Amino acid sequence: MTEPMMINLALAILFLPLLGFLVTLLFGKRIKSIYTFEIAIIILAFVGAVVLLFTKLSYYQNTDIVSQVSWINLGNVPLLGNTTIDIGILIDNISVLMIFVVTLISMLVHIFSIVYMEGDRLYNRYFAYLGIFTFSMTGIVFTHNMLMMYIFWELVGLSSYLLIGFWYEKKSASDAGKKAFIVNRVGDLGMLSGILLLYTTYHTFTFSQIFSQIAAGHFPLNSEFWLTVTGILLFCGAIGKSAQFPLHVWLPDAMEGPTPVSALIHAATMVAAGVYLVVRIFPLLTSGALMFIAVIGMLSAFIPATIALTQNDIKKVLAYSTISQLGYMVMGLGVGAYKFAFFHLITHAFFKALLFLGSGSVIHAMHHEQDITKMGGLRKKMPITYATFLIASLAISGIPLTSGFLSKDGILQGSFAFGSLTGYWIFAFVGFLVAMMTAFYMFRLLILTFHGEPRDHHKYEHAHESPFTMAMPLAVLAVLSIFIWYTPNPFNPEQGAILSNWIKTPQLVTPQDSRFNFMKSELPANVAVQQVTQNSEVMYSESYTQALEGAHIPSLLLSLTLAGLGILIAFSFYQWKKVDVDKLADSIKPLYKLSYNKWYFDEIYGAVFVGGTLLLSRALAWFDQYIVDGIVNGAATVTRAVSRFSGKFDNVVVDGMVNGTAYVSGFIGLIFRRFQTGKVQTYIVLVVFSLVILLFIFK
Amino acid sequence: MNTISLNYLVDSLKLIKPEIALSITLVLIVLVDLIMNKDKKFLPYVFVAGLLVTVYLLIEQFSTSAFAFTTAPNLGMVIIDPFGNFFKLLIAFATIIVIMFSVLSNEIKEGLDRQGEYYALMSGMILGMFLMASSADLILIYVSLELVSLSSYVLAGFNKNHVRNSEASLKYVIYGGISSGIMLFGISILYGLTGSTNLYEINSLIQASQVHGLTFIVASVLIFVGMGFKISAAPFHFWTPDVYEGSPIPITAYLSIASKAAGFALLIRFIKITFIQSVDPNGFWHLLNVIDWKTFFIIISILTMTLGNFAALWQNNMKRLLAYSSIAHAGYLLLGLTVLSNEGIMAIIIYFVVYGIMNLGAFLVVMLIANKLGSEEIDDYDGLGSKAPFLSVSLAIFLVSLTGLPPTAGFIGKLYIFMALVDAKMIAVAVIALLNTVVSLYYYIRVLKHIFLNDPQKETQVLSTSVASVVFLVVLITPVLLFGIYFTPLVDLAKSSISLMGF
Amino acid sequence: MIQVGLNHFLVVSTALFALGILGIVTRKNAVMVLMGIELILNSANINFIAFAKFGNFGFQGQAMALFVIILAAAEAAIALAIVLNIYKTFSTVNVDEIDTLKD
Amino acid sequence: MTYFPILSFITFLPIVGMILILFIPKSQAVIIKSLTLVITGIQVIAALFILHYYNYSLGGINDPNSFQFIEKFRWIDIAGFSWIGRIKIDYFLGIDGISVPLVLLTAIVTFIATISSWTINKSVKGYFALFLLLDTGMMGVFVALDFFLFYIFWELMLLPMYFLIGIWGGPRREYAAIKFFIYTLFGSVFILLVMIGLYFSSTETLADGTKIFTFNMLAMMNPHNFTQFGILSPLNPNNLRLIAYIFLFIGFAIKIPMFPFHTWLPDAHVEAPTAISVILAGVLLKMGTYGILRVCFPIFPEITQQLVWYIALFGMINIIYGALCAMAQKDFKKLIAYSSVSHMGFVMLGMASLNTLGISGAIFQMFNHGTITAMLFLIVGVIYDRAHTRDLEAFGGLATQMPVYTGFVTLAFFAAIGLPGLSGFVSESFVFLGAFGFGLIRVLTVVSTLGILLGAGYMLWTLQRVYLGSLKEKWTSLTDLTFREYAMFIPLSLIIIFLGVYPSAMLSLMNTSVNSMVKFMADAKVMYSSLAGF
């Protein structure tokens, strides 16, 4: 398979979903079964993705395939010469792996939805929306430049908006959609500013060109500080999209959307786009930027985990765990564990999608009951769902033999190594803490849902195992959550092809002195540039490799114990009822409330930002109506007042003496009119008088 | 000696053919009036015929410039020059149109039996104006001014039994009498200072020996009172609103155009001939620095236009509103004089043509509407747009032109005034004038609002307009629109008629 | 025994002028007002004659005076006619009461 | 290149139509409407012809030779005098990359507005006569290259607008109409003054070598044509160029409308009938920014350089302020009106950047705002025709009742908040890229980016309040779009999408001109400083 063919294939994968979207949307009303077309499309896309993945990784493992066209031609710009704005696609290992994940999960979700969404009024439109989402996500994955990244970034936002608010009759749903879009926009502002900085400096959007120019020592505003700032600004986009602290508030609300959507967009793919962005721009991140990223990641891993401990809505718990896991990835990138972070992105995509679809099937069975306190004992009723859900829970808790164990342990290991190298142990510490919490709340969820006695018998009676089209995706994802696909040795991911050959840490292009020591490369810059362009394996330095080696065993043991501990606690609390949970909650009431109320983020934001903006806008509108207009307009009140002392005035005002001088000129007019008494002698007096004045002026 | 004097008398008479023709017309009118006691329908046509002859004679001698009735070599009482001739033409045409007005007007029809005196007086008035436009001697100035005034006093109160008319005439006569009296006093002082009544002589005398400042200023300001009264410049304008509102519409129109034109002709001539020292190649006048006329006129003109515009904001009677607007326009016209340059004079002339046409048009429409509605109150105009579309649209055109928006002739008039100002670097004045224009929009547009935007309160019967008036309106509208787009002839005319005798 | 000179005439004429204005402004009766106007005109006349006499300016002054006298007569005639007419319509000649035309 | 005087044709065709209409009896409403439709349709076709024959490689701006479809002949020519020079005014039409998009826009928007005017029933004859007169005025402004002519057209469209708002408008129409009129006249008298000032400051050399004063804009742009002592000539040490520039700028800014001169806009929009709102937002507002680009910038380049920061500042204020005001509105139409205040801010910001990206972004934004806002007003019109209210709170859940309509609404709204793939995005990001590229106004730009956030805020909120949520009982009778409304929405939507995906179609039109303008502005800095030397 030649490179042009691969390009075409990639383009096909990109545009097929768009076609699906258009067709499904336009004919949705007339042809009832048009959704099948969309599904066929997505299956095609998936097949294409598999082919692409296979070819790329087996034949072009070390060469990136790029193809670009000029989108806009600015002509002969003064001082710059001929300028064009290019768009294009980049096929490298990262993108093909990502595209595989995206299309796979998208396909599974399509299939899952066939039954799940049955009988919905806008059945076809739902699939259309899925189509446009897949299109935009694919765009993000394939882009080779920042502009296209931003474009599809926004489009993803749109599709997310549409899908969250899919049941727009529900106010909560449309609210959630709006919230998601706007909160994302906040992040995008940062990203936009970053892009502006990049373009004004390098006059190109293409990653590779930007990198090579940076490597050549050309920085935004000619200072490394601004390079750091650029990195952070771009990362802001990721904060929004990947629901990182402090912009994480939209994701839980996004659960208003149909559950399969949550699985696809708000767990597996879209929210991962943020991480993907950081992966893409990784080379230009200075130590400062990386530190910032790591901190944000750490907070986003920790805070939601604490919240997830006490939530009762099955989807909410999963949502917070998603944020927390994304936090892991971001932190991983921050501490330089590039490979593990991306690896975790993939594995997490599978098992988190699985969890959501599982919860979907539960909710479906329970007739849209989402409160786990009303569930229980479902494992007899729905064995498949239970089994798969269990696997996923193990994976996310990082129990050996699962994919989750491999990737998550890698990140922990990375942060451990980071700590040992730089002395910032906090990341490692929080990482392990969160690992334990994760284990706890996942099993709390599992137990409350599937174990024990049913709490709501009525609903329980009607519960039933889901049909094949819903069970099959669960099965597939469950299988993908086993270690074997990634590495032969369940305790060392490094031995698997995916980490050893496919995912490679790119060479940094940042100047040596603005890197962490362990990232300083022994290679001269120009070679570095070479290597960036062909994405060849780079390890930062000997010290780092050793540190990583050293970190392997301790972190492994630590994480295992903590995870086990978490599970144990969960069981003792909810399965064997060793401890009275409520009493415990009471004993630490403030903490409990804090966690239960999600740290009051929504309340605070609602009051400060939303309220503030609305208040400001009201104030300004008032200002506009009464002050600005008033100044120009002769304040209404004044004119009223005047209108009393002169009957005509109001009339005249209404008649349109509206300009600013209305009042004044009217008044002047009044004065002049006073002279016109109709008595001829008055006139004479005035004439003589003014004559005298004139004479005095000119004498 | 005797023959010589005879020849030169004949020569002089040759030069004043138009005036002679007018006098003959006057006599004719009186005679016809006497002869046919019953039906005097074609009295006006006699008058028009006479005027046409006059116009012909004027055009014939348009570009000649000479003295008539010379007292000493090239010092005459009467000057014949393009400048004067232009104003005479303007006045003559205005008169013709006003006669047509009168034919259509109901108010005049009332006093059908007294048409004879009406037209006789009018012809007397126009004769006076002609003399005003060409007099170079203080005596003649006073006499002609009085001639105009006396006839207009009577005409203002033509309908004896109308309260408004008689009141208007009384105010007019008292006010006019006093202003001419004051002027006369000024003249007497000037005579005392210089010992001559001939403007050229006075000029040369001033140039020769520096006359005493204060008394001279007193004299000239006092003289200005008379002219200010005629052109209704503030602060000598007080008669204008009352008289305009009071008198019959044709007369109002006549006063607002013809006598104003005559007044301006007189004023310009007086200022230029009496106080000129030299004219520089760029056409700017250098006046003798006995009195700072520039500042004087700036003050007067700004005062006039501001006062006119702002007072007009309040009017509910259409005639009164137009009265104030004509005061405001007097202000704009005076701006042309403030520049003290030929360019300014040219601007004034252009503006006058335009102003004449559009103002006559406005008054005509008002009169036609008054004939139908029997009211000049703006509130009664509500919904006229649907009742009498043609009248309304034409009024709209005239008012827009008076506001000075393109593509109407009014814009061209204003444009040239402002160009003159900017060329003379009098930016501040220009800004004030422009802001005045904005203000003026209020009241003009307010009339249109009543006509088009308001729904009629009373019953809506469609008002018919006679063919004659339609034709007549079209005649007036055409130039308003035409000159707005193609004004070369206008400017050429102005250029050919700015040359005053002697300069 | 003082020689009567130009100044005396001027003083007189100016006084007349002032009186004329005063009369016009103060008197309520229209006829009185008209008389005030006559005063003004005549004050001007005195000036003309006086200047002509003492300045040896020739006859223009006298000629002017004659014109003025004639015109004054004409004006008076017309004005009185108008006043009569006013009396017919308003049945008063008090200028203060004749103010229907005003803003 | 055709010899057919297409610009005069496209400009004066409506006048012809107006005259024809005056001869059609009142009763024949349908004939009048269809005639207007035909006229405007022909205009669109003519515009497309212009597009087809337009030569992309010619710059224009200050170079008379590279303008296209030039029509130039002596209009007024008055022989000189000893004391006043020869007066000469040309009838001078021509277009370059800056005017072409706007000519196209005018043609399209007018056509759409005609369709939307179909519902007018009150004195149809007058309405369409004035409508066509307005059309001529607008078209003329965009093609005139002689300042005098430009001014005539500029003023020509005031009066029709006054009547169109005043007679066919809403309850407070009189107030709104007079307010519009006074404001704009106030602005234009200053333009007049500066025009005269420029006339006496700049000369043009005739064939016979004599130098005479001129109204020719292109001559005014060449610093070598300035007279020694003209009050607006840079050669004159104490010239008034700065003040004149501010006057002129205010004159145009009132049309944009720029804060704090914007208060006429909400009233005018709220009261005007839908079609007129469409024209107003679609074309009239552009005249302000066009005027600045065509007159202020090339004739006063050095002053522009001085004041560019303030222009950007006001642009920023417009963006933020307009957005915030929009957010607080209860009246749908008022909200859209304020949103266009905000969007015109982008245009100003872009112009202020004085570089290719920024200026082409600004012009492109003019076009896009024209189409998008036109569509938004039509949307309000649709809902107002049916429900007879514009109160945002009164609605809800219309998506269920009128799905297709809601589809178009979503498109327009997202175009307005600059969603990629729709035209608004490209222009806005160009504006940002350009403005950010100009160090002086970088900070302002960053603040302005808040605008797109706020924009998303109020637009989505509106979307939710009116179209999402559960359907209110009383609206269950509303019907979805009619054929006529499809005819209005579909073309606009297509334009919006097409330009979003393939912006080059529009950008390549203006590239050459924009580049040469940028170059001109850059060179002028040097040139004028050298002039001040002697």
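What percentage of the 103 residues of chain C count as buried? The share is 37%, where a residue is called buried if 20 or more other C-beta atoms lie within 10 Å of its own, exposed if 12 or fewer do, and partly exposed in between, with the C-beta atoms placed from the backbone. This is a predicted model, in which local features need pLDDT of at least 70 and side-chain atom pairs count only at pLDDT 80 or more, while totals for chains, interfaces and linings use all residues. Residues are numbered from 1 along each chain as its sequence is written, and chains are lettered from A and ligands numbered from 1 in the order in which they are written.

Chain C has three helices and zero strands, and along its sequence these give the pattern α-α-α; helices here are DSSP runs of H or I with at least four residues, strands are runs of E with at least two, and both are numbered from the N terminus. The radius of gyration of chain C is 17 Å, well over the 13 Å that the globule rule gives for 103 residues, so the chain is more spread out than a compact globule. That radius is taken over C-alpha atoms, and the rule is 2.2 Å times the number of residues to the power 0.38. Taken along the principal axes, the C-alpha atoms of chain C fill a box of roughly 50 × 30 × 25 Å. Within this chain, helix H2 (residues 30-55) has 26 residues, which at 1.5 Å a residue should span 38 Å, and its end C-alpha atoms are 38 Å apart, in agreement; the expected span is 1.5 Å times one less than the number of residues. After H2(C) comes C:Asn56, whose phi is positive, near 50°.

Chain D, in turn, has 21 helices and four strands, and buried residues make up 65% of its 534 residues. A compact globule with 534 residues would have a radius of gyration near 24 Å, and the 23 Å of chain D agrees with this. Its C-alpha atoms fill a box of roughly 80 × 60 × 40 Å along the principal axes. Two residues are in contact if their C-beta atoms, placed from the backbone, lie within 7 Å. Among contacts in chain D between residues at least 6 apart in sequence, 78% join residues at least 24 apart, and for chain C the corresponding share is 49%.

The contact between chains A and C takes ten residues from each chain, and on the side of chain A the largest share, five residues, comes from helix H30 (residues 680-698). No contact joins chain C and chain D, whose closest C-alpha atoms lie 25 Å apart.

Strand E1(A) also pairs with strand E2 (residues 81-91) of chain A in the antiparallel sense over eleven bridges, pairing being assigned if DSSP finds at least two bridges between two strands. A:Ser67 stands opposite A:Ile89 in E2(A), and in the hairpin of these strands, which has three residues between them, A:Leu79 takes a positive phi near 75°.
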